[in-house]
Amino acid sequence: MLGCGDGRRVRSWLTLASGLLECLGFAGAVFGWATLVFVLKSEGYFSSLCVNATVNGTAVEDCRGQDEQFSLVFTIASFMNNFLTLPNGFLFDHFGTTVARLLGISVYTAGMLLIAFSTPVSSVLLFPALSFIAVGGILFLMTNMQVANLFGAHRSTIITLYNGAFDSSSAVFLIVKLLFEDGVPLRWSFLFLSCCSVFHLFRTFVLMPRTHIPYPLPEDYSYGVNCGVTRDYAVAKNDENNIQTSKSEEEMPFKETSAQGQTTDTTERSFKSCFLSWFFLWHMLWLSVMQLRHYLFIGTLNPMLNHLAGGEPSLVSRYTNAFAFTQLCGILCAPWNGLIMDRHKGKQREAGQSEREADLRAAILSLSLTALQCVLFSVCAATPLLPLQYLTFILQVLNRSFLYGGNAAFISMAFPPAHFGKLYGTVMALSAVFSLLQYPCLALIKGPLGGDPLYVNIALTVLSLLAFINPVYVYLYCRDLAAQRTASH
């Protein structure tokens, strides 16, 4: 028979594995939108916006209005995906895991049902449907990332693994597309995805805590039903408060300067001091510029492939499938970022160096690599050469995996655990406001630039260079701390 300790270990691994399945199979499906657009066009969604036109004496069908509507659906959904992470983060921090997950399951299922029962006549239902799927998916991810607290030495690796699974789940719509091409109606596929809510509910009530998984873990921490003892909400909450209290009492011999020029002692850091810090400001810029590049790429992928392929449907389908298949590799790419961040764990720290400082020093390489990947991806995406897009797809999924996994891992190490949900939600919400720039970019491409995105792509590539400010700032911060330690000794 398994002892209590063995039972807790089995439960931890089962929670981890089922969470990966949830993120891989559902959470980030919205980012497979470019694949689903191919199916929706075949079904005739927004087809009333296509008009007959004459080009060089040849009658052609101009579907730019249709493409614009599909891009707008994704623009709104991607904005809601990030912006509503702010209230969702406060909800998660205040009410705990169960309430946040029940909300996520409700809106996610509603989005799937809206698409299942939509028709080309009711194409407008795609707007709320995709937004619901996006918001529900990010709640799945947010509530699952705390599972990394059960594996302290590999915490960053597991956080990035979950984000990689989130990225890879965009391939769900590839499966829907392949089934559609084999004769399975779109409605059946989305009804099946709706019925999978039973799995989400099972995890919520059986494998997940009611409140939060604290970090660091108290000795013999458990949740749910373990060894015949049921731990209720009050016990779990008491454990969490004890951990947060002990965490605040740890000696952290350094201070941080806020964006307003104030010096904040990390032993008394409030949410406001974290929000106003230079760490948060530069990290938000790091995320925002790269996220904008990815959103614009995904939102314009289908018309871009149509343009480069000369409108050949079979060629567009082949490249769309290639893009979707590369998304599956996100779960393979993301853990490498976590390993980079965790490479110092288990090693002896320098004299006087805190764990937080060691974590930040290890994150510099990750932040720099992510920014470099984005610049390379943006250069390839800006090059109007169809075969080169295979490399673009590879760089895109690699960079996305590093971006979102690194974002969550950096917030977890740079700021107090008690504010993780709020800070994660805030940075995602503010980056969502920044991502609204994609719509004027789309209008610029379709209007004055005559459908040629070259100049917009060049501008976004230059903008991506701003992401290097964040790792440079973290490096200078760690260097100053090291100099202070040397001077004090």
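Predicted model: local features only at pLDDT ≥ 70, side-chain atom pairs only at ≥ 80, totals over all residues.

Modeller: Two residues are in contact when heavy atoms of theirs lie within 4.5 Å. Leaving aside residues up to four places away in sequence, F297 touches M304, F323, F377, A381, Q389, T392, F393 and Q396. F297 is also one of the residues with the most contacts inside the largest nonpolar core. That core has 115 residues. W33, L126, Y162, F190, L360 and Y424 are the others named for the most contacts there. Helix α6, residues 126–145, contributes the most to this core, with twelve residues. A second core is separate and has seven residues, among them C441, L442, V456 and L460.

The mean pLDDT of the protein is 83, and 88% of the residues reach 70 or more. Read residues 227–267 with care: their pLDDT is below 50. Even so, this stretch has 67 contacts in the model beyond near neighbours in sequence.

Now the helices. Take α17, which runs over residues 355–382. It has 28 residues. From first C-alpha to last it reaches 41 Å, close to the 40 Å expected at 1.5 Å a residue. There is a bend of about 30° at A363. Of the 28 residues in α17, 20 are buried, so the helix is largely enclosed by the rest of the structure.

Helix α16, residues 330–341, has twelve residues. Its span is 17 Å, close to an expected 16 Å. Its buried residues are G330, C333, A334, P335, N337, G338, I340 and M341. What covers them? The cover includes α7, α15, α17 and α18.

D167 and R400 form a salt bridge, with the closest N and O atoms 2.7 Å apart. D167 sits in α7 (residues 155–168) and R400 in α18 (residues 389–414), so the pair ties together parts 233 residues apart in sequence. Both partners are buried.

The structure holds nine salt bridges. E181 and K177 make one, at 2.8 Å between the closest N and O atoms. These two lie in α8, residues 172–181, and because they are four residues apart, about one helical turn separates them. An α-helix has 3.6 residues a turn, so residues three or four places apart point the same way. E181 is partly exposed, at 41% relative accessible area, while K177 is buried, at 0%. R64 and D62 form another bridge, with the closest N and O atoms 3.1 Å apart. E22, R101 and R203 are linked in a network of salt bridges.

Last, a residue on the outside. H307 lies in helix α14, residues 301–308. H307 has a relative accessible area of 57%, and because the cut-off for exposed is over 50%, it counts as exposed. The C-alpha atoms of H307 and D452 are 9.1 Å apart, although 145 residues separate the two along the chain.

How values were computed: Residues numbered from 1 in each chain as written. Heavy atoms only, no water. pLDDT = per-residue confidence, 0-100. Salt bridge = Lys/Arg side-chain N within 4 Å of Asp/Glu carboxyl O. Buried < 20%, exposed > 50% of the residue type's maximum accessible area, 1.4 Å probe, protein only. Expected span 1.5 Å × (residues − 1). Bend = angle between axes of the 7 residues up to and from the residue. Core = buried A, V, L, I, M, F, W, Y, C linked by side-chain atoms within 4.5 Å.
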